[in-house]
Each structure stands twice: as C-alpha cells, then as structure tokens.
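Hi,

Here is the model I promised to pass on. Have a look at it first, and my notes follow below.

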Amino acid sequence: MAAKDSPLKQFEIIPYSKTELGSYDISFTNSSLSMVITVAVITLFLTLTVNPRSIIPSRLQLISELMYNFIAQLLSDTVGDNGKKYFPFVFSLFMFVLIGNMVGMIPYQFTFTSHIIVTFALAAVVFIGVTILGFVNHGIKFFTFFYIPGVPFYMHPLLIPIEVISYLSRPISLSVRLFANMLAGHTLLKVFAGFVVAMPFFTGALPLAFIVALTGLEILIAFLQAYVFAILTCLYINDAYHLH
Amino acid sequence: MVDDDKLQQLKERIDTAEISNSPPSNQKKENGAGFGFKISTEIIAALVVGVGIGLIVDKYLGTKPFGLIIFFIFGAIAGFLNVYRVMRRIEKQ
C-alpha cells in the first residue's frame, strides 16, 4: 500500500462494499464506479445528442457523428468491406478507453485505465476474439499464419516459435502501452504538484505552469492511446482475414 | 448501343463521387517519446512472452535452464521482428 502522500496513492483501489462470490472478491470499488460513470457518460451523451436526428446537426450531434465517422473511416481504411461487421465492437472499445481516460483527467477522479488488469482484460478480449475469428475464417489453415513462405525448410523450426511468440506478445504490448502511458502521465502530474508545495517563496508557480501544460499533453495522450488501441484492433481483425 | 454513352458518363460521375467521398487518411504525426515508447513495448512484450514460455517449459519438462535460455533468445528475436513490422507499417503510410 502506498504511503500517505505518495504520488502513487491515486491508484489505490478502495472497495465501497465487501462482496464475495465463492472465493472471488467482487466488491464494488472506486475503479468500478469510474467504469460505471464512463459507460453512463457515453450512453447518455450519444443517445441524447443524436436524439433530435436533425438534418442540420447541432454542435453536440456533430461531435457524436464525428466519432462515428472517425471509427467507420478507420475500419474501412484498415479492414475494408469486411470491417463493417466489427464497427459496434471497435466503437465500444474506443469510446470506453477514450472516455475512461478523459474521466480520469478530472481531478480526484480515479483512472481505471491506469491498472494493467483492466487494459489486459480489454486486450485479451481482442486477442481471443481475433484468434477465434481467424479459425472461423480459415479453419485449420489459420496455422499457416505462423509459416512464412519462401524460406528454406531448415529455417522453419527456428522461425515458427519466433512467429508464435510474436503473435502471443500482441495482447501484452497492447495493454502495456495503454496502462503505462496513463500510469506515467498521472504519476508525473502528482510529482510536479508536490513540487508546487515544496518550493520556496513564489518559485512554486513554475511547476504549476508546467502542470497546466502537462495536463494538455495528458489529454492528447488520452486520445492518442484510445486511437492506437482502436487502430491496432482493426489491424488484428484485418490479419484474421488476410493471413499474409 | 445508345446507352453506352450514358453509362460511361454515369461511371465517370460515380468515380469522381467516390474519390471525393474518401478523403486521404490523415495520419497524425506522433512525437518522439510516443514513438520510442511504442517500439520499446513491442520488444518488452515479446521478451516477457519468451521468458514466460521458457520458465513453463523448464518447470514441466525439467530442462532447467536450457528452456529459459532458448526461449529468451527466441523472444528477443521476436521482439526485433515486431519492431521491424511496426517500422514497415509506418513507412507504408
């Protein structure tokens, strides 16, 4: 457990109620609350803004339509015509990560994407789903994904394990990237916030100004990481269709 | 045929409409730190998987420490392969 004034204290999980199912701890925590808020914000925003369905959209309706177009474009660019089926999945994933990151930017609000178990669970869903998709599309031929054509036969015992490791490393790199970016950014903010108090006289204004700039950068990273998560999901779906 | 001319015209109109409908994908330029981070996670992820497989192999086949050594090397190579693929994807854009 982090010390009282540690910059890592913000990542502490605080259970609001003690609930156990069998040997599993399924308590409702601040992380769960944050996720519920995220889902509520997404649902309310999207349903309320597109509700008027006006031909000339209001500004808020335009934001919803922009988000829709952004992911639809991403899917058609990377996957092509096959991609339309996966729009609901990729869009939900993108919005959950994006709004989760943004909700985390509100002071005193918990950032659930800064916990590797959350991002790894999301990445594992993508990874397992894409693997099943590959088997559905290609059957047993999916294993040729690990077989590189045009290589001397005696190289295959070396190359196939390498390809398999490369494939298995996908969910890890996907989850670590999102989690580490959020963790590092939020820790950095708190460390600089500590400098504001610790520095003498009015020199504390310097780190304070830096925090303002850093917050802007964090919002950019929050968006960029959601985008990276979505685009990599699209690329993996594409791989499940076109093996090489 | 009379319709040939009309069809040709229609085809041209569809083509121009399709071109104007699909704007060139504007990829955002990432900053250097983000790029370096992306590359390093690829290597680390492959190494983690390689070491994990190595440890599992050692535990169940009792080949300590050769499984770990071999799969660590495989993991390292897979990491470089991942980086190579990321670079090739970026160059294509």
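Which residues does A:Leu93 touch, not counting residues up to four places away in sequence? They are A:Leu122, A:Phe229, A:Ala230 and A:Thr233, where contact means that two C-beta atoms, placed from the backbone, lie within 7 Å.

A word on conventions. This is a predicted model, in which local features need pLDDT of at least 70 and side-chain atom pairs count only at pLDDT 80 or more, while totals for chains, interfaces and linings use all residues. Residues are numbered from 1 along each chain as its sequence is written, and chains are lettered from A and ligands numbered from 1 in the order in which they are written.

**The core**

A:Leu93 is among the residues with the most contacts inside the largest nonpolar core, which has 46 residues. Such a core is a set of buried Ala, Val, Leu, Ile, Met, Phe, Trp, Tyr and Cys residues joined through C-beta atoms within 7 Å. Buried means 20 or more other C-beta atoms within 10 Å of a residue's own (exposed: 12 or fewer; partly exposed: in between). Elements from both chains give two or more residues to this core, including H2 (59–78) of chain A and H3 (66–92) of chain B. Helices here are DSSP runs (H or I, at least four residues), numbered from the N terminus. The largest share, 9 residues, comes from H6(A).

**H5 and H6 of chain A**

The axes of H5(A) (residues 156–198) and H6(A) (residues 205–241) come within 10 Å and cross at roughly 175°. Axes are lines fitted to C-alpha atoms over the stretch in contact, with angles from 0 to 180 degrees between N-to-C directions. The pair is therefore roughly antiparallel (over 145 degrees).

A:Gly204 sits in the loop between these helices. It counts as partly exposed because it has 14 C-beta neighbours inside 10 Å. Leaving aside neighbours within four places in sequence, A:Gly204 is in contact with A:Val196, A:Val197 and A:Met199.

**Chain B and the interface**

Chain B has 3 helices and 0 strands, and 16% of its 93 residues count as buried. The contact between the chains takes 12 residues from chain A and 18 from chain B. On the chain A side, H5(A) gives the most, with 10 residues.

Happy to talk any of this through.

Best wishes

Technical notes:
Angles under 35 degrees count as roughly parallel, over 145 as roughly antiparallel, 65 to 115 as roughly perpendicular and the rest as oblique.
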